[in-house]
Amino acid sequence: MKFPGSVLVSLVLFVAETAAALCLSGAYRAAGDRMWQWLTLLFALLPCALVQLSLVFIHRDVSRDRPLVLLLHLLQLGPLVRCVEVFYIYFRAGRVEEPYVSITKKRQMPKDGYSEEIEKEVGQAEGKLCTHRSAFSRASVIQAFLGSAPQLTLQLYICVLQQEITAARSIFMVLSLLSIVYGALRCNILAIKIKYDDYDVSVKPAAYLCIFMWRSFEIATRVTVLVLFSSVLQIWTLPVVLVNFFGFFFYPWILFWQSKSPFPENIEKALSRVGTTIVLCLLTFLYAGINMFCWSAVQVKLNDPDLINKSQNWYRLTVYYMLRFIENAFLLLMWYIYKTDVYLYVCAPLLVLQLLISYCMAILFMLVFYQFCHPCKKLFSSSISEGLLSCFKFLCFICKPPTSTILTDKAEVKCPENTDDTRSSSKTIDSQKGISHQSVSSNA
C-alpha cells in the first residue's frame, strides 16, 4: 500500500497558503489598504469553500449520518479531518483482517506488441485511500486555479504598483506559485489515469520533473504577462480576461449543443436536473479557470459519460499554444508601447525577450514529456512529433493561397487561342506584304 504523500502535500500547501493569506490580509488592514485586504480575503476564502464542497460531494457526506464531519467542513476544517482519517486508515491497514476484498483487472503497458491483463486484490482500506487521494487531487486543482492563481496575480500586481516586495508578500507568492504548479501537475496525472483507466499506469520521477518544469515556466510567464499588461492598460484588462474566460467556459457547451446529445443524467443519482446543471457549470467554470493560465490536460466533454474527452488531440494542443504565444507577445508589445515611469529602471526589451524565451522553454519541456517521459506513450496512435508535423502541414495548407492552380489552368486554356491568333495575324501580314510587292513591280 502506497504512502499517502499526495494527501499530505495537498494539506500542507492548503494550510500554509491560507495562513499566509490571513497574515498578509492583516498587514494590509494595519497599513490602511482596505481594498487589497478584502481582495486577498476573497481569493483565500472562496476556494476554501469550494474545496469543502468538493470533498463533501466526492465522499457523499450529505447522504450519510455524519453531522460532526459536516460541521467541521462548515468551519473550513474539512481537509484536516480528511487527512487525519487517511493516516488513521493507513496505519491500521493490515492489523485487522478485512471481511472481503474486491478484484480489479488492469492491463500492463504493451511490451513487444503484447499487453497482459493482471488481477489485483483491493481491500477496503486501499479502496478508501484511493478515494481520498482522488478527492484531494481534485481539491488541489480547485485550490490552485480558483484561488492561488488569482492570488498570485493580485500580489504581483500590488508589488508592481507599490514598487516594493516585502518578505511576507514574497513568501506568499512563492507558496501560491507552488500551489498552482502542484495543482497543474495533479491535473496532468488525473488526465492520464482517467484516459487510460484500463491500464496499470506508473509515473516515473523524470515525468514528474518534466511536468514540474513545464508548468513552472508556463504559469510564471503567463502571470507576469497579465500583470505587466494590467499595470499600464487597466481599462483593457477586464475585456482580455472576460474574453479568455467566457471563451473557454462556453466552448464545452457549444460542442455539447452541436452534438445534439441528451442531457447527462448519470453524474449523481441523488442530484436533480437543476443540481446536475449546477455541477456541470462548476466543472466548466474550473475548466475555464485552468485554461486562463495554462493548458488543461483534461478536456471537458459533456456528452461523454465520464465528462472527459479521452482522445489525444494534438491539433487542439498545437492551436492552443500557438494562440497563447501570439496573445502573450501582443500583450507584451502593448506593455512595451504604453509603459509608464514605474519601469524606468527596467530594461524593457530584455524583459520581453526573457518572458518569450521562458514560454518557449515551457513548450520545450512539454514536448519532452509527451515524446519521452509520458507513461502511456506506447499507446499513442502517433507521437507528439508526428502529430505536430501533421498539424503544421494542415495549417500551412489552409494558409496557402489557392491561386497558383487556377492561374496555370487559365494559362493552359488561353495558350492555344493565342497561337491561332498569332498564326492568323502572321498570315495576314504575309499576304499584305505580297500585295504591296506586286503593286510596286507593276508600277515599275
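Predicted model: local features only at pLDDT ≥ 70, side-chain atom pairs only at ≥ 80, totals over all residues.
Modeller: Residues are numbered from 1 along each chain as its sequence is written, and side-chain values use heavy atoms, with hydrogens and water left out.

Biologist: What makes the span of helix H6 agree with its number of residues?

Modeller: Helices are DSSP runs of H or I with at least four residues, numbered from the N terminus. The expected span is 1.5 Å times one less than the number of residues. For the 29 residues of H6 (residues 167–195) that gives 42 Å, and the end C-alpha atoms are 42 Å apart, so the two values agree.

Biologist: Why is H1 called roughly antiparallel to H4?

Modeller: Axes are lines fitted to C-alpha atoms, for helices over the stretch in contact, and angles run from 0 to 180 degrees between N-to-C directions. The axes of H1 (residues 5–31) and H4 (residues 78–92) cross at roughly 155° and come within 10 Å. Angles under 35 degrees count as roughly parallel, over 145 as roughly antiparallel, 65 to 115 as roughly perpendicular and the rest as oblique. H1 and H4 are therefore roughly antiparallel.

Biologist: Which residues of H1 and H4 meet, and how do they divide by class?

Modeller: Contact means heavy atoms within 4.5 Å. Val-7, Leu-8, Leu-11, Phe-14 and Val-15 of H1 meet Pro-79, Leu-80, Cys-83, Val-86 and Phe-87 of H4. Ala, Val, Leu, Ile, Met, Phe, Trp, Tyr, Cys and Pro count as nonpolar, Asp, Glu, Lys and Arg as charged, and the others, Gly among them, as polar.

Biologist: Why is H8 called oblique to H9?

Modeller: The axes of H8 (residues 234–259) and H9 (residues 273–293) come within 8 Å and cross at roughly 135°. That angle makes H8 oblique to H9. The contact residues include Phe-245 and Trp-253 of H8, and Leu-280 and Tyr-287 of H9. By class they divide into 13 nonpolar, four polar and no charged.

Biologist: What makes H10 roughly antiparallel to H11?

Modeller: H10 (residues 314–338) and H11 (residues 348–373) pack at about 170°, with axes 10 Å apart. This angle makes H10 roughly antiparallel to H11. Their contact has 19 nonpolar, one polar and one charged residues.

Key
Helix = DSSP H or I, 4+ residues; strand = E, 2+ residues; numbered from the N terminus.
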